[in-house]
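Me: I'd like to learn how to read pockets and ligand contacts in a protein model. Can you walk me through it?

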Amino acid sequence: MKVSRWCIIVLRIDHRPERDKRLTTHLGLTARAFGAQGFWITGLRDPNITKSLQQVCSQWGYRAFSVQYKESWRKCIQGWKNKDGEVVHLTMYGLHVDDIIPKIRSSSRDKLVVVGGPKVPSELFTLADYNVAIGHQPHSEVAALAIFLDRLYQGSSLRITPHDAELTIEPTPHGKRARERNT
Ligand code: SAM
């Protein structure tokens, strides 16, 4: 699944099932809906997340969207860089997205987009190629990811309907209308 000239993977570090089950699921949903090709998770294993995301993919498409648990965020970053990808860390301490996004867009390198949990290891700030702030106020990893991907794709990913969807929406000004494949 590659909807763009880049391969984009979102890496969520330090998942804790009891603390952020819904938040991490929402991050995965946002990654998929806004044009990433995969979602990697480090921290404690939580099969429910993989299951929920796979259910969404089997109904709404992008079955190739890859959800994987990884042992170590550091190894993910090293492996990504070894394959000549670049690493974008979303943090309110970074450079403002509007100032740095032209440079990120102009690079043809694949991108690993890293979002943190409550505590982000300081080493991540030096390992990242770009530390990008979606404004300089604290908010949420889901909001930060959505805005970053939307700016990266300049809104285009929201117009795509997955070719392998079982269900698609027929937009209506009022009410709800969905169509099943082959009906
Ligand atoms: N205290 C954490 C730290 O040391 O950076 C931040 C915790 S915040 C609830 C969780 C994650 O949301 C962050 O690691 C970052 O990825 C994302 N985030 C929150 N606000 C952001 C902003 N203004 N810009 C970019 N990312 C942000």
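Predicted model: local features only at pLDDT ≥ 70, side-chain atom pairs only at ≥ 80, totals over all residues.

Me: Which backbone atoms lie by an oxygen atom of the ligand?

Reply: A polar backbone atom of glycine 116 is 3.1 Å from a ligand oxygen, and for glutamate 141 a backbone N or O atom is 3.4 Å from an oxygen atom of the ligand. On its own the ligand has 570 Å² of accessible area, and the protein covers 82% of that (Shrake-Rupley method, 1.4 Å probe; for residues, only the protein chains shown count as cover).

Me: Which residues come nearest to the ligand?

Reply: A residue counts as near if one of its heavy atoms lies within 4 Å of the molecule. There are 19 residues around this ligand, and Leu90, Pro118, Ile134, Gly135 and Gln137 come nearest. Strand 4 gives the most, four residues (strands are DSSP runs of E, at least two residues, and helices runs of H or I, at least four, numbered from the N terminus).

Me: Where does the ligand sit?

Reply: First, the idea: on a 1 Å grid over the protein atoms alone, a pocket is an open set of points where a 1.4 Å probe fits, with protein on both sides within 12 Å along at least five of seven lines; lining residues have an atom within 4 Å of a point. A molecule sits in a pocket if more than half of its atoms lie within 2 Å of its grid points. In this model, the ligand sits in the largest pocket. That pocket is lined by 25 residues, with Leu90, Thr91, Met92, Gly117 and Val120 nearest its centre. Helix 1 (17-33), strand 4 (86-96) and helix 6 (141-153) each give two or more residues to this lining, and strand 4 has the largest share, five residues.

Me: What about the second largest pocket: which residues lie nearest its centre?

Reply: Among its 13 lining residues, those are Trp60, Ile160, Thr161, Pro162 and Ile169. Strand 7 supplies the largest share of that lining, three residues.

Key: Residues numbered from 1 in each chain as written. Heavy atoms only, no water. Polar contact = N/O pair within 3.5 Å; in protein donor to acceptor, adjacent residues only side chain to side chain.
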